[in-house]
Amino acid sequence: MSSIPKHPKALPFLFFSEMWERFGYYLMIGIFLLYLKNVEHGFAMTNSEASDLYGTFIALVFLTPFIGGLLADRYFGYRRSIIAGGLMMGAGYCMMAVHNLPMLYLSMTLVIVGNGFFKPNISTLLGNLYSTPQFEKRKDEGYNIFYMGINIGAFICNFFSAAIIIVWGWKYAFVAAGVGMFLGVIIFMLGTKHYTSGDIRKPMTKEDMPFSKIVLTIFIPAVIAGVIGWLIKGTASAANPDSSIFGSDSTDAFIFACIPVIYFYSSLYFRAAAEEKRPIAALLAIFAAVVMFWAVFKQNGTALTIWADNYTNRQVHGTTAAIFKGLSQAKDVTYKKDTVEQYDGLFRLQKKDGEVIKEYDYPVYFKNVAPQNLPADGAKATLWSTPISQSINPGWVILLTPLIVAFFAFLRRKNKEPSTATKIAFGLFISALSVLVMVAAVYVTGNGAEKASVWWLMGTYGVVTIGELLLSPMGLSLVSKLSPVRITSLMMGGWFLATSIGNKLSGILATMWDGYEDKANFFWVNFVLLMIATFIIFAMLKWLNRIMKEKGVK
């Protein structure tokens, strides 16, 4: 990396800082749901309880970068914000090793706040370093190298977590995430002298909304509404004993908190000058569509992890088994009856009065193994570790990014490259197609009556990754190009808000997993939601492209 003279000297430091930060984050998030569900070492949550907490967590993780970015912009500077955020996240991961609920919530809070200071500011610092005439033309290339660091970190971390859990246990995996994060901070601090030119605060101009006004008009109303949402109760029933309105208190609080924020963003359109109305309307339309993408995409940590854990054939044999075990990526499970947690035929953990019910049976993995594939009584089966499935998506990103970049370069040479809005529309459509792969997997396995091949997961992740690469990088680029100058930061916040709402919606959708007797219907719901969003964007495409042409944006 450091041998590249055409890039700022800061690039290798930022690359490895971000790689280790993402290593820590994706290691933690890759095992989070499995840990919450684990009866022996975790919190014995049901699929619904774990999915709800997971969804709330990743929603809040994407909400704080807006305020963290603004505070760094105007008050703290980027370097200090990145270091403080990294230290908070590292401490949060390590504290997850302490097994009790209050400590879990405290550690989640540290990760949420820390990510708010780290995530937006390291990207902004990189952008600032490329804004000089010397490096400006290499900005896209610099970001491509930087984002490769993200995906390398996300790819390798799950192999580490699988091995650490097998060899030492869950708590050491969380400590490893913390060590990765601290390593990222150390590397970042070693490059301090190279960031000076990019670590500039932006004094507020007359076009900027004062921070105090942002707090008063967005955050305080959101907090008050969230508290009201948490406290208000609906109708109690057997299925809803705590009488929450939307399934859980955390979901109620999140939905209520979003109401004043959504109202605020809508008001930006109504109060805008005539020439600003159309670009703002275009961005708000894209935000709405992007919510649906994240709602489905972020189920990689919930519904697709449940599928990998309970419905995927994870058994390996012969040399493969020996290699996996040698690398601590798989462990032996003995096929014999013992006292185990009780699960029904759809892998729903059975509880009575909050306590897990036990029974005398074979390990739960074997519930849907075809009779002819069952080992002999007392024999061992070698199963690869579930967290490895979380590396499929970043693996596809690493493989497909150069191909997609080359494909669009080819179209550009022929003068046929589609507009950014068109790419986003096709990204949504391709993401919808990825859900059909899972629908097929459910039908082929007789609604999960027999284990599915891992190729179904590989296929669905492969297709959705193409959708992600068409949509995710394009979105942020479009926000920076279309936003009126005076509210660029606010509209960036709108992108993060849309991501956050989508993340929470992914958790809400995943809480419904247990309620579907036919799992194909769960995936059909996701497909319909994405197709509605796709239809809306395609219907608006001419209008969006016209606005972008007016603004001189491709």
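Aspartate 52 counts as buried at 12% relative accessibility, where buried means under 20% relative accessible area, exposed over 50% and partly exposed in between, computed with a 1.4 Å probe and protein chains only. Its side chain meets that of lysine 504 in a salt bridge, with 3.1 Å from N to O, a salt bridge being a side-chain nitrogen of Lys or Arg within 4 Å of a carboxyl oxygen of Asp or Glu. The model is predicted, and local features need pLDDT of at least 70, side-chain atom pairs count only at pLDDT 80 or more, and totals for chains, interfaces and linings use all residues. Residues are numbered from 1 along each chain as its sequence is written, and side-chain values use heavy atoms, with hydrogens and water left out.

**Salt bridges**

- The structure holds 12 salt bridges, and side chains of opposite charge can pair when their charged atoms come close.
- Because aspartate 52 lies in helix H2 (residues 47–61) and lysine 504 in helix H16, their pair ties together parts that are 452 residues apart in sequence; helices (H or I, at least four residues) and strands (E, at least two) are DSSP runs, numbered from the N terminus.
- Lysine 504 is buried, at 1% relative accessibility.
- Arginine 278 forms a salt bridge with glutamate 550, the closest N and O atoms being 2.8 Å apart, and this pair links distant parts of the chain, with arginine 278 in helix H10 and glutamate 550 in helix H18 (residues 541–550), 272 residues apart.
- Arginine 278 is partly exposed at 30% relative accessibility, while glutamate 550 is exposed, with a relative accessible area of 54%.
- Aspartate 332 and lysine 325 also meet through their side chains in a salt bridge, at 2.8 Å from N to O; aspartate 332 is partly exposed with a relative accessible area of 31%, and lysine 325 is partly exposed with 38%.
- A network of salt bridges links Asp344, Arg348 and Glu517.

- Of the 24 residues of H16, 19 are buried, so the helix is largely enclosed by the rest of the structure.
- The largest nonpolar core has 139 residues, and those with the most contacts inside it are Leu14, Met28, Phe57 and Leu490; such a core is a set of buried Ala, Val, Leu, Ile, Met, Phe, Trp, Tyr and Cys residues joined through side-chain atoms within 4.5 Å.
- Helix H1 (residues 11–37) gives the largest share of this core, 15 residues.
- Apart from this core lies another, of eight residues, among them Ile404, Phe408, Leu469 and Leu470.
- With neighbours within four places in sequence left aside, methionine 28 is in contact with Phe57, Tyr93, Met96, Val111, Phe174 and Ala177, contact meaning heavy atoms within 4.5 Å.

- Serine 81, placed in helix H4 (residues 78–95), is buried with a relative accessible area of 2%.
- Beyond its neighbours within four places in sequence, serine 81 is in contact with Ala72, Phe76, Phe117, Phe118 and Asn121.
- Glutamate 276, in helix H10 (residues 274–297), counts as buried at 16% relative accessibility, and, leaving aside its neighbours within four places in sequence, is in contact with Pro484 and Arg486.

**A nonpolar surface patch**

- Leu216, Ile220, Ile224, Ile228, Ile232, Ile245 and Phe246 form a nonpolar patch on the surface, with about 600 Å² of accessible area together, the areas coming from the Shrake-Rupley method with a 1.4 Å probe, where for residues only the protein chains shown count as cover.
- Patches are made of residues with over 30% relative accessible area and no salt bridge, like charges being joined within 9 Å and nonpolar side chains (Val, Leu, Ile, Met, Phe, Trp, Tyr) within 5 Å.
- Isoleucine 228 lies in helix H8 (residues 211–231) and is partly exposed at 40% relative accessibility.

- Phenylalanine 347, which is not a glycine, has a positive phi of about 60°; phenylalanine 347 is in the loop between strand S3 (338–341) and strand S4 (351–352) and is buried at 2% relative accessibility.
- Asparagine 415, also not a glycine, has a positive phi of about 65°; asparagine 415 is found in the loop between helix H13 (392–413) and helix H14 (420–444) and is exposed, with a relative accessible area of 71%.
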